[in-house]
Amino acid sequence: MVEFGHILQILYSNMANKKERSLVIVKPDGVQRSLIGEVVKRYEQVGLKLVGIKMIIPTEDQVEAHYMVNPDFKTNVGTKTIESYKKKGETPPTENPEEQGEFVLNGLKKYMVSGPVVVMCWEGLHVIDVVRKITGGTEPRTSDVGTIRGDYVLDSYQLADTDNRAVRNLIHASGNLEEAGKEIILWFDESELIDYRLVQEQILYDVNLDGILE
Ligand code: GDP
Ligand code: MG
């Protein structure tokens, strides 16, 4: 008879997918600030695996397609920002999330095509959450210290909205697995993503840590 505990174990091991993938972009300000190496280092040192990387200058159409992989992007981004203004006791530029979202998307289309970006695909356990944790919150004004955005950049919704541009926060990182899947297909051909093993995976994932002692 199969034990209940064993079934649970199988269920959990299927859910905990070591091959999840996330799309990360070092935005033009990150490249200009010479932070490509720092960004790569942060994800690398935690144990994630880089499976694709390239430098390109995106087009406005690519940027729009990228953010609109989630058809609710404008409403979501607008709602998030309006709430953030209110939480700080400040007045948002508009009460209409869709309008704020449209404004943000237009800003992003100018920002992201202003110079080269580095597009990367990272793989590993809970990669979406881990990458977002290391990257930090969207608005550098409140991104936690110790995160990439918190440590390396200084910007706010208030200043960016006043100056009529997108918030400069160095990095794009996929928000969830569904978004990631769609984004990765947009930026990479299948042949540009490499399946390989890293020696450290045995230490990260091997159940019994076999093979260390001779
Ligand atoms: P992310 O997933 O943390 O990058 O944040 P979102 O997906 O919500 O927004 C995409 C990008 O749009 C952000 O990284 C910022 O560059 C920019 N952005 C988001 N909200 C605002 C806003 O309210 N005002 C401005 N000016 N830029 C914004
Ligand atoms: Mg996002």
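**View 1. L177 sits in helix 10 (residues 177-187).** Helices here are DSSP runs of H or I with at least four residues, strands are runs of E with at least two, and both are numbered from the N terminus. This is a predicted model, so to speak of a local feature takes pLDDT of at least 70, side-chain atom pairs count only at pLDDT 80 or more, and totals for chains, interfaces and linings use all residues. Residues are numbered from 1 along each chain as its sequence is written, and side-chain values use heavy atoms, with hydrogens and water left out. L177 has a relative accessible area of 45%, which makes this residue partly exposed (buried is under 20%, exposed over 50%, partly exposed in between; 1.4 Å probe, protein chains only). Setting aside residues up to four places away in sequence, L177 touches E20, R21 and I128 (contact means heavy atoms within 4.5 Å).

**View 2. The largest nonpolar core has 22 residues.** Such a core is a set of buried Ala, Val, Leu, Ile, Met, Phe, Trp, Tyr and Cys residues joined through side-chain atoms within 4.5 Å. Y43, M120, W122 and I171 have the most contacts inside this core. Strand 1 (21-26), helix 3 (36-46), strand 3 (117-123), helix 7 (127-135) and strand 4 (171-173) each give two or more residues to it, and helix 7 gives the most, with five.

**View 3. Zooming in on W122 and its contacts.** Leaving out neighbours within four places in sequence, W122 is in contact with residues including V24, V40, Y43, L48, L50 and V127. A second, separate core of 20 residues includes V77, V104, Y111 and L193.

**View 4. R42 and E38 pair up in a salt bridge, with their closest N and O atoms 2.8 Å apart.** The rule for a salt bridge is a side-chain nitrogen of Lys or Arg within 4 Å of a carboxyl oxygen of Asp or Glu, and by this rule the count comes to 17. Both residues lie in helix 3, four residues apart, or about one turn of the helix. R42 is buried at 12% relative accessible area, and E38 also counts as buried, at 18%.

**View 5. K54 meets E192 in a salt bridge (2.9 Å, N to O).** K54 lies in strand 2 (residues 49-56) and E192 in the loop between helix 10 and helix 11 (201-205), so the pair ties together parts 138 residues apart in sequence. K54 is partly exposed at 21%, and E192 is partly exposed at 31%.

Conventions
Chains lettered and ligands numbered in written order.
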